[in-house]
Amino acid sequence: MATPRRVLLLLLALAAAALAGAEEGPRGRRLLVLLDDLAVRSSHSAFFGSLQARGFDLDFRLADDPKLSLHRYGQYLYDGLVLFAPSTPRFGGSVDQNAVLEFIDAGHDVILAADSSASDLIRGIATECGVDFDEDPEAMVIDHINYAVTDVDGDHTLIAGDDLIQSDVILGSKKIEAPVLFRGIGHTANPSNSLVLKVLSASPSAYSANPKTKLASPPSLTGSAISLVSVMQARNNARVLISGSLDLFSNLFSNRFLKSGVQKAGSKKRHERAGNEQFVTETSKWVFHERGHLKAINVKHHKVGETNEPGMYRINDDLEYSVEIYEWSGTSWKPYVADDVQLQFFMMSPYVLKTMSTDKKGLYSTSFKVPDVYGVFQFKVEYQRLGYTGLSFTKQIPVRPYRHNEYERFITSAYPYYTASFSTMGAFFIFSFVYLYHK
Amino acid sequence: MAGRRPAPAALLVLLLAAAFAPISSAVRPVSDAHRSAAAELFAPSADGSFGDLERTYEAVRTFQILGLKYKSVTGEACKFAAEKLASPASSATKDLFHAARISGVLGCSVDAGVYDGVVARLKAVIKDTNSLLEFYYSVGGLLSIKEQGHNIVLSDAESTFHAIKALSQSDGRWRYDTNSAESSTFAAGIALEALAGVVALADAEVDPSMVGVVKNDIVKLFDTIKSYDDGTFYFDEKHVDATEYKGPIMTSASVVRGVTSFATVAPGKLNIPSEKVLGLGKFFLGIGLPGSAKDCFNQIESLSFLENNRVFTPLILSLPSKVFSLTSKDQLKVEVTTVFGSAAPPLKVNLVQVLGSDSKVITSENKELQFDLDNNVHYLDIAPLKIDVGKYSLVFEISLKEPEHESVYATGGRNTENVFITGLIKVDKAEIGISDNDAGTVESVQKLDLLKDTKVSLSANHLQKLRLSFQLTTPLGHTFKPHQVFLKLKHESNVEHLFVVPGSARQFKIVLDFLGLVEKFYYLSGRYDLELAVGDAAMENSFLRPLGHLELDLPEAPEKAPRPPAQAVDPFSKFGPKAEISHIFRSPEKRPPKELSLAFTGLTLLPFIGFLIGLVCLGVNLKNFPSLPGPAAFASLFHAGIGAVLLLYVLFWLKLDLFTTLKYLGFLGIFLVFVGHRTLSYLSSVSTKQKTA
């Protein structure tokens, strides 16, 4: 009696598990955390805790662990990498700079934090990602105007950053009110790299120099050209976050226990706590593809009034095109709502470029007339938006000209010719009688 | 492997220094921040439990020390502990140890009978084992039960003491059991705590010579202590890659627990230097707010042992604020407290030396700080010290008022603290102007008020110079040299040039000779915006001020001149929708209007109508049509055939295509040739007959 019920329960549980697991996210949940000191694990536990609470499986390793490996038997062991080992001169095991770059090339995500002890290895990885740290190893970002007021810190290297990128998808929809505390080294985005975005920029009064020595020559990085935190989304949608401050992620900076709260110099407003916790949580959500990842499914096209997809269109046909776009919300795929998804009808160059209309439930559609040029065309959607993964998909379709019997048949302006020939024929018919039988 | 990591311990020390020196590089006593941190870290789960026994003990013990409320979890935790204690035979000694200590902390009511069973089991373990951890758990468990009012006497204390002592090493460290070769500092702490327990449980006094040996071990152990430059001491394992490596916090905590417990039970005083005890206190406070529950427990418990011990009670000198403003006449405030922030015994604090940022002695006048009894703060006005703005190291000396306190409290004597003195810097005599290159005569000098935004507009060519000068004076009237004095020229095309304004003894003055700078300016003529940034850590009125603009007329760039650097492309430009494109269709050919076509259709019909009228006028007849039935039939068929061909042409126009038309035309053609031949030959034979007739 009990056994069948138990079996039923088991089946139900299995079904529930299958349903729960049905929505598969765009990225896996295995993260490798490389530290140069295990103390970072406790000093940054709030950040790690928030990752673990979101379902990530963190593997903490010392950066010089001799058994370190990113892949085995051609399979990557991790889906993301958190590099909190700024001072490590070289990684242990089979991991080196190239291995990390290949990891990114394979479409994996990386969070890299440096500080004033940043090694050449870490700087090298950052450079390959389009971010150049200040070359002076003693330099720190100093800002004598926009610093955070604390009782114990007087050299103005604790920056209260509030020049954040305007992007809901990277920083979350809730505005970060409190300044983000930063202490570390500055960097610039390489001008030739268009994939890097400055997420947290320094203020115009900031500069990057050694606070302990007098300045003889102008510092190489000044003003809002300094980026404190940058992100890079590669063409394969791998995301990399680069921060010049490891402390940015620490419990202390995101902590609510700072006795006096956070106050930016010159501003009256005192914030209960720094914006760091929100900043690192939201940006890490973005980096690990919990937000801003789009997928397109059900690409369809057909002639107006039909439902089947033809293998070929004729010039001047009217057609309808539709595609469904969804965004990963961290737990499920939600319809993506925007009004700027565009379709191109493309042969060497776009012949038609049209913004698609949406039903706000993820379906984008448009209709247009096939151009009167025949050849092999493509339906092409190239969707690049700030913070979102790029969507790029094409579908090839040939377009043929009119067949001989598809042209217009009875043209009014040709009627004089028709009547002329037919009246001649009629006259010939009558004339044949007259000619043969007249007497 | 060791070769690849030449100095792991040294590296770790360095890293630890980095990890433990975030915002609060200052050592401050335990405060409410720690309480809220502890409450957060030890938050019980939904069902009111903390996890396993060890964690539960750490939670309730931390709460007890910090004076936090834990009554709401008492019932759950007591039940949890009682469950373990009820079945001593099946539980591990470790669980019994933690359970007994939970009951002790929370004051759970446990039956004497239950404890009898636990005591019997623990005593049995002590007899049999040779493992340090088993000793530690058993002795600790017994001690905890004894402290709860249960009468326990360890009859063979002497032999247990010897058994534990047998594990000690010559350098003061201990092994975990007789079989293990590795010795560890962490184990030393555990062993000392166990020994202290044995002494406390012993029925008779333990052999004083043995206690003396252990005291000696402790002194040796303190020889292995490690330190930072700032007087912080901590314990760590010799080999960090050992299997049982715990990290400096746990290791130091273990030693502090062991040494202070042992000092409590052992007669006489331990011979430990006071600055090392003080250094340990600084180490635990220097952690600041711990990140994990384990660290929090170790930090708080160690500090509580340091607060009350028979060796030395560390007194911590700390500054509530390290930034003092001359403008608001801040007082130099110094707190001397125990690690938990309670008041120190009567003492004097003297400021003995003030060092500049380059370790130059500014003043070495001995000043005694006044004591504010209400707030428990020693204070001193800064103004009489005649210290200017800047970064200083202050050296304080603490001296206890009562000599007998010297052996109880560790003050560390001299303490050095780094402070910043800030003030408003007076900016005046600011002038900007353009002068000619050769004569040096200043043509147009404008006075600037750098306290407000100014908008000067200047123009110059490459033969002229731009001069900018101003003075910065500290509140005490000295020339102030800030860290950041930048003049920025920004061209319309976003090319920036930054100059450090050099300061002399009297003023800051920069002269930009454009003749020498044309190459650097990439021969870019046009409008340059001027911006002056002056800032320093000690300057309260740091500013970044736009000065106005400069129209610069530079010569044409020669061919080989360097190109201005590429400006970063706006990364946002690739986002956003593109302009729509719609295909322009070929326009249809022009056609005449319908009416015109129809009119011409009518016109083309006119000849046909004329032809018909002509025939009627001629009086056409068909008298020649064959009268004989045979030829008449063939003639009819012939004309019907012609008609059919013409009809086929109409059909071709209307619907048929060329191929069907040709097919039908073929059949009709053959038919027409046949009937046509018959008809025409008949007609010709008739006409020949008529002619011959």
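Two residues are in contact if their C-beta atoms, placed from the backbone, lie within 7 Å. The views below are close-ups of a predicted model.

**View 1. The contact between chain A and chain B.** In this view, 73 residues of chain A are in contact with 84 residues of chain B. On the side of chain A that touches chain B, the elements giving two or more residues are helix 2 (39–43), strand 14 (196–201), helix 7 (251–254), strand 25 (349–355) and helix 9 (415–437) of chain A. Helix 9 of chain A supplies the largest share of that side, namely 16 residues. Sorted by class, the side of chain A that touches chain B holds 34 nonpolar, 26 polar and 13 charged residues.

**View 2. Helix 9 of chain A beside helix 16 of chain B.** The axes of helix 9 of chain A and helix 16 (residues 629–654) of chain B come within 10 Å and cross at roughly 175 degrees. Angles over 145 degrees count as roughly antiparallel, and helix 9 of chain A and helix 16 of chain B are therefore roughly antiparallel to each other. From helix 9 of chain A, A:Tyr418, A:Phe422, A:Met425, A:Phe429, A:Ser432 and A:Phe433 meet B:His639, B:Ile642, B:Gly643, B:Leu646, B:Tyr649, B:Val650 and B:Trp653 of helix 16 of chain B. This contact of helix 9 of chain A with helix 16 of chain B is made up of ten nonpolar, three polar and no charged residues.

View 3. The unreviewed UniProt entry lists residues 596–620, 632–652 and 664–683 of chain B under "transmembrane region". Over residues 632–652 of chain B the chain is 100% helix and 0% strand, with the end C-alpha atoms 30 Å apart. Residues 664–683 of chain B are likewise 100% helix and 0% strand, and there the end C-alpha atoms are 27 Å apart.

**View 4. Helix 7 and helix 9 of chain B.** The axes of helix 7 (residues 132–147) of chain B and helix 9 (residues 185–201) of chain B come within 9 Å and cross at roughly 40 degrees, and the two helices are therefore oblique to each other. The crossing of helix 7 of chain B and helix 9 of chain B is left-handed. Among the residues that make the contact are B:Leu132, B:Phe135 and B:Tyr136 of helix 7 of chain B, and B:Ala187, B:Ile190 and B:Ala191 of helix 9 of chain B. By class, the residues of this contact divide into 13 nonpolar, two polar and two charged.

Key:
Residues numbered from 1 in each chain as written. Chains lettered and ligands numbered in written order. Predicted model: local features only at pLDDT ≥ 70, side-chain atom pairs only at ≥ 80, totals over all residues. UniProt positions renumbered as here; feature names shortened; annotations may be inferred. Helix = DSSP H or I, 4+ residues; strand = E, 2+ residues; numbered from the N terminus. Axes fitted to C-alpha atoms, helices over the stretch in contact; angles between N-to-C directions. Parallel < 35°, antiparallel > 145°, perpendicular 65-115°, else oblique. Left-handed = near helix turned anticlockwise from the far one by under 90°. Nonpolar A, V, L, I, M, F, W, Y, C, P; charged D, E, K, R; others polar.
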